[in-house]
Amino acid sequence: MHLDQKISLKPFHTFGMEVEARYFIEPRTKEEILTLLNYRNMIHMPVLILGGGSNLLFTKDFDGLVIRIKSKGIEVHESDQDYVRITVQAGEDWDPFVQFCVERRWAGLENLSLIPGTVGAAPIQNIGAYGVEVKETIESVHFVEIDSGIQKRFTNDECDFGYRESIFKKSLKGKIIILDVTFRLLKTSAIDISNQEHLKLDYGLIREELWMMNITRPGISDVREAVCAIRRRKLPDPAKVANAGSFFKNPFIPEEQKNVLCDRFPSMPWYPEQFDVKNVGLNSDNPVMFKIPAAWLIEQCGWKGHREGDAGVYPDQPLVLVNYGNAGCQQILDLMKRIIDSVSDRFGIILEPEVNIH
Ligand code: FAD
Ligand code: NAP
């Protein structure tokens, strides 16, 4: 392992800010990560774990050790007739892993195609897209505590997954390194080809896209292709326009508030969701909450396509803040704050960042 000093983090995150790490290292195996933690216990300095850097906003130089996880490996376990179990090292890139599964006709991840980042970061915010969340396929998550070096394996339940949330983004935030993730996927080669029950098609534009592709009886590779096509059209490619995906989480509000807002704004979209009340800090017996697309709220406040210097709100998806070149961290933070204030003034809803701000 090679320890770099005073290294620019610009190539290692997708928001394109010019920030520097005091120390930087890239462990390439699980053993190297564990070795590094022994060393880290001797030097005592802040540690930041980096995957693909696609869900981060750096606000300043990092005066500590950045550990960029590059551990690779996919292990396919013995499987039964219907399901396959796979353990994947944290540093594997997410989308090639999805492709690996789709090619083998293992279902469950195809709606999560083309999400940037690493496998190790996927459980952290329980990545989700097109009606699927990764928690539906995760069997367990293996991690190491940064301070003690103790390794643990959490079952799906213990990960406390919620909407773009997990225990790793809450009480264990910054305290652990995810080493590998074990998935359980459905073997579609074992089921009747006419059986479509495992496919999630009723979300957004998937059916429309499949129809445009002339596909009437889709398989999981068709779903992957459709999702990739929709995403390529609508979302900015970080290689061309720097961004960190959805900057804000979609807010959830109780029914009463939703009804008041619907009277005032009849075109406001909303989606009822069975919600775990502990995740929204409510003392309510009613677990149904209403998701309001943050993109709609931001657009209504006039931000869509807004640009100030190199900081902007993406014209095709106002949930994404973009850096057109040399936007500074402070510019993005100022824009964030003004968006939050205007949505709060108009709708009484406080948007929260989804992006991890460091
Ligand atoms: P990073 O950005 O490197 O890290 C994210 C956080 O996790 C940081 O706090 C970091 O410290 C921590 N972390 C990373 N790896 C580890 C590890 N091994 N152990 C412990 N902590 C770790 N997200 C969705 O949910 N759905 C989407 O559809 C989606 N689309 C996106 C589209 C675009 C264009 C972009 C830029 C982002 C999108 N995202 C989406 C957000 C992002 O891709 C995901 O959250 C992804 O899982 C982040 O992975 P990463 O490896 O880049 O994590
Ligand atoms: P979209 O399909 O235009 O939908 C807009 C919003 O409405 C999304 O926030 C979505 O919620 C919600 N929605 C739409 N149909 C729904 C349904 N049937 N049931 C419940 N909620 C519904 O969104 P998009 O911007 O093009 O993104 C497509 C998918 O990719 C979404 O799932 C989005 O979350 C995901 N994505 C995530 C990121 C990220 O960084 N987190 C970035 C890009 C795209 P959900 O967001 O809960 O799905």
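This is a predicted model: local features need pLDDT of at least 70, side-chain atom pairs count only at pLDDT 80 or more; totals for chains, interfaces and linings use all residues.
**Exercise 1.** Describe the aromatic pair of F265 and F347, and state which parts of the chain the pair ties together.

Solution. Step 1: the ring centres of F265 and F347 are 4.7 Å apart, with 50° between the planes, and the pair is tilted. Step 2: F265 is in the loop between α5 (255-264) and β16, while F347 is in helix α7 (residues 329-347), so the pair joins parts 82 residues apart in sequence. Step 3: F265 is buried too, at 12% relative accessible area.

**Exercise 2.** Work out the geometry class of the ring pair F143 and F154.

Solution. Step 1: the centres lie 4.8 Å apart and the planes meet at 85°. Step 2: planes over 60 degrees apart count as edge-to-face, so F143 and F154 form an edge-to-face pair. Step 3: F143 belongs to strand β11 (residues 138-145) and F154 to strand β12 (residues 151-155). Step 4: F143 is buried at 1% relative accessibility, and F154 is buried at 15%.

**Exercise 3.** Characterise the surroundings of ligand 2.

Solution. Step 1: 18 residues surround ligand 2, divided into seven nonpolar, five polar and six charged. Step 2: oxygen atoms of ligand 2 lie 2.8 Å from a polar side-chain atom of K234, 3.0 Å from a backbone N or O atom of Y130 and 2.7 Å from a polar backbone atom of S246. Step 3: the protein covers 80% of the 800 Å² of accessible area that ligand 2 has on its own.

Key:
Residues are numbered from 1 along each chain as its sequence is written. Chains are lettered from A and ligands numbered from 1 in the order in which they are written. Side-chain values use heavy atoms; hydrogens and water are left out. A residue is near a molecule or strand if one of its heavy atoms lies within 4 Å of it. A polar contact is a pair of N or O atoms within 3.5 Å; within protein, one must be able to donate a hydrogen and the other to accept it, and residues adjacent in sequence count only if both atoms are side-chain atoms. Accessible areas come from the Shrake-Rupley method with a 1.4 Å probe; for residues, only the protein chains shown count as cover. Ala, Val, Leu, Ile, Met, Phe, Trp, Tyr, Cys and Pro count as nonpolar, Asp, Glu, Lys and Arg as charged, and the others, Gly among them, as polar. Rings of Phe, Tyr and Trp (its six-membered ring) pair if their centres lie within 6.5 Å; planes under 30 degrees apart count as stacked, over 60 as edge-to-face and the rest as tilted. Helices (H or I, at least four residues) and strands (E, at least two) are DSSP runs, numbered from the N terminus. Buried means under 20% relative accessible area, exposed over 50%, partly exposed in between (1.4 Å probe, protein chains only).
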